[in-house]
Amino acid sequence: MESSLQPIYIPQLAKALDRTDVINVDEYLPDLETLTPVQGSLKVVHQGNYLEVTGQAETIVTLACDRCLQHYNYRLTVDTSELIWLKSASETEFQPLEVELEYSELVETLPPDGYFDPGAWIYEQLCLELPQQQLCSTDCSGLTVETDASPPAIDQRWAMLEQLRDRLPQSSISDDST
(Lines give C-alpha, C1' and ligand atoms only; values in the text may rest on other atoms or scores of the structure.)
Protein backbone atom coordinates (compact mmCIF):
# COMPACT_ATOMS: atom_id res chain seq x y z
CA MET A 1 0.00 0.00 0.00
CA GLU A 2 1.45 3.35 -1.04
CA SER A 3 1.63 6.09 1.55
CA SER A 4 -0.78 9.00 1.21
CA LEU A 5 1.93 11.23 2.64
CA GLN A 6 4.03 11.58 -0.49
CA PRO A 7 5.92 14.88 -0.91
CA ILE A 8 3.95 17.50 -2.84
CA TYR A 9 5.70 19.28 -5.70
CA ILE A 10 4.92 22.95 -5.05
CA PRO A 11 4.67 24.11 -8.71
CA GLN A 12 2.19 21.28 -9.36
CA LEU A 13 0.15 22.39 -6.35
CA ALA A 14 -0.01 25.92 -7.82
CA LYS A 15 -1.67 24.45 -10.93
CA ALA A 16 -4.11 22.18 -9.06
CA LEU A 17 -7.83 22.82 -8.78
CA ASP A 18 -8.33 25.61 -6.24
CA ARG A 19 -4.56 25.40 -5.68
CA THR A 20 -5.41 22.93 -2.91
CA ASP A 21 -4.47 19.40 -1.94
CA VAL A 22 -6.42 17.55 0.74
CA ILE A 23 -4.81 14.44 2.19
CA ASN A 24 -6.57 11.88 4.36
CA VAL A 25 -4.15 10.22 6.74
CA ASP A 26 -4.56 6.71 8.14
CA GLU A 27 -1.11 5.19 8.52
CA TYR A 28 1.86 4.68 10.81
CA LEU A 29 4.65 7.24 10.60
CA PRO A 30 8.07 5.57 10.28
CA ASP A 31 9.83 7.75 12.89
CA LEU A 32 7.06 7.83 15.51
CA GLU A 33 6.30 4.74 17.58
CA THR A 34 2.54 4.58 18.03
CA LEU A 35 0.00 1.95 19.06
CA THR A 36 -2.50 3.06 16.44
CA PRO A 37 -2.04 4.55 13.00
CA VAL A 38 -2.03 8.33 12.75
CA GLN A 39 -5.52 9.30 11.59
CA GLY A 40 -6.68 12.68 10.36
CA SER A 41 -6.54 15.05 7.44
CA LEU A 42 -4.23 17.67 6.03
CA LYS A 43 -5.08 20.55 3.72
CA VAL A 44 -2.35 22.39 1.80
CA VAL A 45 -3.32 25.57 -0.08
CA HIS A 46 -0.92 27.42 -2.38
CA GLN A 47 -1.49 31.14 -1.70
CA GLY A 48 1.03 32.59 -4.16
CA ASN A 49 4.05 33.37 -2.00
CA TYR A 50 3.20 31.01 0.86
CA LEU A 51 1.56 27.68 1.65
CA GLU A 52 -1.28 27.56 4.13
CA VAL A 53 -1.22 24.20 5.88
CA THR A 54 -3.96 23.07 8.26
CA GLY A 55 -4.19 19.65 9.80
CA GLN A 56 -5.90 17.51 12.37
CA ALA A 57 -4.48 14.18 13.46
CA GLU A 58 -4.56 11.80 16.38
CA THR A 59 -2.89 8.63 17.54
CA ILE A 60 -2.02 6.79 20.75
CA VAL A 61 1.55 6.60 22.00
CA THR A 62 3.10 4.75 24.93
CA LEU A 63 5.04 6.98 27.31
CA ALA A 64 7.10 6.28 30.44
CA CYS A 65 6.11 8.19 33.58
CA ASP A 66 8.88 10.52 34.76
CA ARG A 67 8.08 9.75 38.41
CA CYS A 68 7.35 6.03 38.65
CA LEU A 69 8.78 4.82 35.31
CA GLN A 70 5.58 2.89 34.53
CA HIS A 71 4.42 2.82 30.91
CA TYR A 72 1.05 4.34 30.08
CA ASN A 73 -0.92 5.13 26.94
CA TYR A 74 -1.45 8.75 25.92
CA ARG A 75 -3.81 10.09 23.24
CA LEU A 76 -1.85 12.52 21.11
CA THR A 77 -4.00 15.01 19.17
CA VAL A 78 -3.11 17.86 16.85
CA ASP A 79 -5.37 20.56 15.43
CA THR A 80 -3.15 23.29 14.03
CA SER A 81 -2.25 25.45 11.06
CA GLU A 82 0.94 27.01 9.77
CA LEU A 83 2.03 29.41 7.05
CA ILE A 84 5.11 28.29 5.16
CA TRP A 85 6.71 31.04 3.15
CA LEU A 86 8.00 30.33 -0.34
CA LYS A 87 11.38 31.98 -0.68
CA SER A 88 13.21 32.00 -3.99
CA ALA A 89 16.86 31.01 -4.23
CA SER A 90 17.84 34.60 -5.12
CA GLU A 91 16.44 35.81 -1.77
CA THR A 92 18.58 33.37 0.21
CA GLU A 93 21.61 33.11 -2.07
CA PHE A 94 23.98 35.68 -0.53
CA GLN A 95 23.04 35.59 3.15
CA PRO A 96 25.84 35.60 5.73
CA LEU A 97 26.21 32.54 7.96
CA GLU A 98 25.23 34.42 11.11
CA VAL A 99 22.26 36.75 10.89
CA GLU A 100 20.29 38.45 13.64
CA LEU A 101 16.61 37.73 13.11
CA GLU A 102 13.51 39.36 14.50
CA TYR A 103 10.88 37.13 16.11
CA SER A 104 8.58 37.71 13.11
CA GLU A 105 11.26 36.27 10.81
CA LEU A 106 11.34 32.91 12.60
CA VAL A 107 9.08 31.12 10.16
CA GLU A 108 9.35 28.02 8.04
CA THR A 109 10.40 28.60 4.43
CA LEU A 110 10.56 26.41 1.34
CA PRO A 111 11.79 27.07 -2.19
CA PRO A 112 8.86 27.75 -4.57
CA ASP A 113 10.14 25.04 -6.93
CA GLY A 114 10.69 22.48 -4.16
CA TYR A 115 8.60 19.96 -2.28
CA PHE A 116 6.40 20.07 0.79
CA ASP A 117 6.59 16.86 2.85
CA PRO A 118 3.24 16.29 4.63
CA GLY A 119 4.56 13.24 6.52
CA ALA A 120 7.40 15.25 8.04
CA TRP A 121 5.01 18.12 8.84
CA ILE A 122 2.56 15.85 10.70
CA TYR A 123 5.45 14.14 12.50
CA GLU A 124 6.81 17.50 13.69
CA GLN A 125 3.37 18.67 14.85
CA LEU A 126 2.78 15.45 16.81
CA CYS A 127 6.22 15.67 18.43
CA LEU A 128 5.48 19.25 19.50
CA GLU A 129 2.34 17.98 21.27
CA LEU A 130 4.16 15.39 23.37
CA PRO A 131 3.98 16.49 27.01
CA GLN A 132 7.16 17.96 28.46
CA GLN A 133 6.53 16.30 31.82
CA GLN A 134 5.23 12.78 31.29
CA LEU A 135 3.10 11.68 34.25
CA CYS A 136 0.87 8.61 34.33
CA SER A 137 -1.53 10.51 36.63
CA THR A 138 -1.57 13.80 38.50
CA ASP A 139 -1.34 12.02 41.86
CA CYS A 140 1.53 9.70 40.92
CA SER A 141 3.70 9.28 44.01
CA GLY A 142 6.78 8.12 42.17
CA LEU A 143 8.98 5.14 42.84
CA THR A 144 8.36 3.31 46.10
CA VAL A 145 11.46 2.07 47.86
CA GLU A 146 10.98 -0.86 50.19
CA THR A 147 13.25 -0.78 53.21
CA ASP A 148 14.18 -4.03 54.89
CA ALA A 149 14.46 -3.78 58.70
CA SER A 150 16.81 -6.76 58.95
CA PRO A 151 20.51 -6.01 59.46
CA PRO A 152 22.63 -6.13 56.36
CA ALA A 153 24.10 -9.50 55.54
CA ILE A 154 27.78 -9.84 56.31
CA ASP A 155 29.97 -10.58 53.38
CA GLN A 156 31.39 -14.05 54.10
CA ARG A 157 34.79 -12.96 52.88
CA TRP A 158 34.99 -10.63 55.89
CA ALA A 159 33.45 -13.06 58.43
CA MET A 160 36.81 -14.13 59.90
CA LEU A 161 37.87 -10.51 60.34
CA GLU A 162 34.56 -9.77 62.06
CA GLN A 163 35.15 -12.68 64.48
CA LEU A 164 38.65 -11.42 65.23
CA ARG A 165 37.33 -7.92 65.93
CA ASP A 166 34.76 -9.33 68.37
CA ARG A 167 37.55 -11.13 70.36
CA LEU A 168 39.71 -8.05 70.82
CA PRO A 169 39.09 -5.89 73.90
CA GLN A 170 37.32 -2.59 73.23
CA SER A 171 40.29 -0.49 74.38
CA SER A 172 42.58 -1.93 71.72
CA ILE A 173 40.05 -1.22 68.96
CA SER A 174 39.87 2.50 69.61
CA ASP A 175 42.32 4.62 67.71
CA ASP A 176 44.80 5.97 70.27
CA SER A 177 47.65 7.57 68.44
CA THR A 178 48.93 9.41 71.53
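Entry 1: I looked up Leu 161 and found it partly exposed, with a relative accessible area of 46%. I noted the cut-offs: buried is under 20% relative accessible area, exposed is over 50%, and partly exposed is in between, with a 1.4 Å probe and protein chains only. This is a predicted model, where local features need pLDDT of at least 70 and side-chain atom pairs count only at pLDDT 80 or more, while totals for chains, interfaces and linings use all residues. Residues are numbered from 1 along each chain as its sequence is written, and side-chain values use heavy atoms, with hydrogens and water left out.

Leu 161 sits in helix α4 (residues 159–167). Together with Trp 158, Leu 164 and Leu 168, Leu 161 forms a nonpolar surface patch with about 420 Å² of accessible area. Such a patch takes residues with over 30% relative accessible area and no salt bridge, joining nonpolar side chains (Val, Leu, Ile, Met, Phe, Trp, Tyr) within 5 Å. The areas come from the Shrake-Rupley method with a 1.4 Å probe.

**Entry 2: the whole chain.** I found 5 helices and 7 strands; these are DSSP runs, with at least four residues (H or I) for a helix and at least two (E) for a strand, numbered from the N terminus. Of the 178 residues, 24% count as buried.

**Entry 3: a salt bridge.** I found 1 salt bridge (a side-chain nitrogen of Lys or Arg within 4 Å of a carboxyl oxygen of Asp or Glu). Arg 75 pairs with Glu 58, and their closest N and O atoms are 3.8 Å apart. Arg 75 lies in strand β5 (residues 71–86) and Glu 58 in strand β4, so the pair ties together parts that are 17 residues apart in sequence. Glu 58 is partly exposed, at 33% relative accessibility.

**Entry 4: a cavity.** I found 1 cavity of 30 Å³ or more. A cavity is a set of points on a 1 Å grid over the protein atoms alone where a 1.4 Å probe fits but cannot get out, and lining residues have an atom within 4 Å of a point. The largest cavity holds about 30 Å³ of space, a volume filled by probe spheres set on the points. Its lining has 5 nonpolar, 4 polar and no charged residues, and β3 (38–46), β4 (50–64) and α3 (118–129) each supply at least two of the lining residues.

Val 78 is one of the lining residues, as is Gln 56. Val 78 lies in strand β5 and is buried, with a relative accessible area of 9%. Val 78 and Gln 56 are 22 residues apart along the chain, with their C-alpha atoms separated by 5.3 Å.

How values were computed
1 Å grid on protein atoms, 1.4 Å probe; cavity = no way out; pocket = protein on both sides within 12 Å on 5 of 7 lines; lining within 4 Å. Nonpolar A, V, L, I, M, F, W, Y, C, P; charged D, E, K, R; others polar. Patch = residues over 30% accessible without salt bridge, like charges linked within 9 Å, V, L, I, M, F, W, Y side chains within 5 Å.
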